[in-house]
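Let's take a walk through this model, starting with the overall fold and ending at the ligand.

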Amino acid sequence: MSGVIQHYGHMLPITESTPRLTLNEGDTPLVRAPRLAEWVGVDRLFLKFEGLNPTASFKDRGMVVAVAKALESGATALLCASTGNTAASAAAYAARAGIAAFVLLPGGKVALGKVAQAVRYGARVVTVDANFDVALDIARTFARKGTVALVNSVNPYRIEGQTTAAYEIVDELGDGPHALALPVGNGGNISAYWLGFRRYRDTGRAERMPRMIGVQAAGAAPLVRGHPIESPETVATAIRIGRPATWHPALDAARQSGGLILACTDDEILEAYRTIPRLEGLFCEPASAAGVAGLRKAIAAGQVDPRGIAVCVLTGHGLKDPDTALAGGVEMETIEPTVEALEKLVG
Ligand code: F0G
């Protein structure tokens with residue numbers, strides 16, 4: 001058996017009666033990225049490829065703990081609002097545990113692969129004619145009735161599970177990196193990483209603490225602007241969020257670590273989205289590329305020291321969003337079915 005409960009149970013709120021739920025999540029590759037480092041402008045860059053989790057995003061780390069705790073307390077149904085990845089993950093762990101999942105998706109703005117996942121894992125997939133923030137309000141209010149377990153990142157067990165990514169990075173590097181960059185939507189993940197790094201420092205497992213660099217999309221950047229955004233818009237639909245539920249802990253992570261939260265335009269995000277797979281052979285979804293775009297921008301602006309080790313978290317797999325991957329026309333060439341035609345093409 002494997003997975004984050006098995007590996008990091010000693011750091012998690014796991015008791016003897018917590019079911020040992022797992023889909024072998026976690027233990028994702030930390031890949032050295034020398035060509036991308038040059039593009040970003042840093043000495044040493046690693047990519048934490050969270051797209052290799054069982055449902056192809058980092059959400060599985062927190063979901064396995066949240067669902068295990070929900071089972072422990074007798075829950076028979078899960079509920080979440082989601083820009084897609086949380087829904088896919090909740091649906092998978094509900095299937096694994098043999099309980100129901102209801103997932104609320106903002107209408108029309110969820111990447112195709114994520115919807116496909118939620119459907120095939122057998123969740124009740126519900127589209128809400130509103131954005132994510134409104135869908136989350138509805139889910140939170142309904143969950144207070146106590147008939148379903150809410151597994152959004154406002155559930156503290158989600159944050160607990162997500163700390164394991166910080167533990168893995170320190171365990172592999174031998175200490176914290178100098179900087180850690182990642183996309184920010186609802187604010188849960190940056191809070192979880194910062195909590196994880198602090199716990200490792202407080203228990204003597206790490207000395208160095210990274211500067212936390214959170215990146216929002218310019219059209220959905222409430223933490224940068226300092227106020228909620230009523231109608232957030234971005235190509236990075238995973239982080240199309242105007243009212244982050246974990247607002248203050250996200251800001252604290254940046255402030256306490258000497259880091260920052262900045263915004264990147266959709267053009268900057270898409271440039272990184274296309275560059276990462278081309279230079280390093282790792283394919284992430286648009287939101288995930290925001291971390292790389294933001295680190296590059298902060299380096300260029302002199303806000304982050306280019307020396308030392310930087311880690312960018314690729315939060316979700318590129319295959320989740322085939323529409324964006326193929327948008328703007330595809331460069332495919334057609335040939336006659338002959339060796340000669342191929343020879344002419346290859347040269
Ligand atoms: N990257 C990806 C791929 C995401 O799916 C999300 C959030 C984030 C980054 C931001 O993380 O919200 O903890 O700041 N997705 C949520 C969802 C909102 O419903 O799947 P955060």
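How many helices and strands does the secondary structure of the protein come to? The count is 15 helices and 10 strands, where helices (H or I, at least four residues) and strands (E, at least two) are DSSP runs numbered from the N terminus.

## Ground rules

This is a predicted model, so to speak of local features pLDDT must be at least 70, and side-chain atom pairs count only at pLDDT 80 or more, while totals for chains, interfaces and linings use all residues. Residues are numbered from 1 along each chain as its sequence is written, and side-chain values use heavy atoms, with hydrogens and water left out.

## Overall build

Along the principal axes, the C-alpha trace spans about 65 × 50 × 45 Å.

## Around the ligand

Which residues are the closest to the ligand? They are S82, N85, N186, N189 and T315, out of 19 that surround it; to count, a residue needs a heavy atom within 4 Å of the molecule. By class, this shell has six nonpolar, 11 polar and two charged residues. Here Ala, Val, Leu, Ile, Met, Phe, Trp, Tyr, Cys and Pro count as nonpolar, Asp, Glu, Lys and Arg as charged, and the others, Gly among them, as polar.

Now for the polar contacts (pairs of N or O atoms within 3.5 Å). The side chain of N85 has an N or O atom 2.8 Å from a ligand oxygen, and N186 puts a backbone N or O atom 2.7 Å from an oxygen of the ligand. T315 has a polar side-chain atom 2.7 Å from a ligand nitrogen. Taken alone the ligand exposes 470 Å², and the protein buries 99% of that (Shrake-Rupley method, 1.4 Å probe). α4 (85-97) and α9 (188-202) are the elements that give two or more residues to the shell.

Notes: A polar contact is a pair of N or O atoms within 3.5 Å; within protein, one must be able to donate a hydrogen and the other to accept it, and residues adjacent in sequence count only if both atoms are side-chain atoms.
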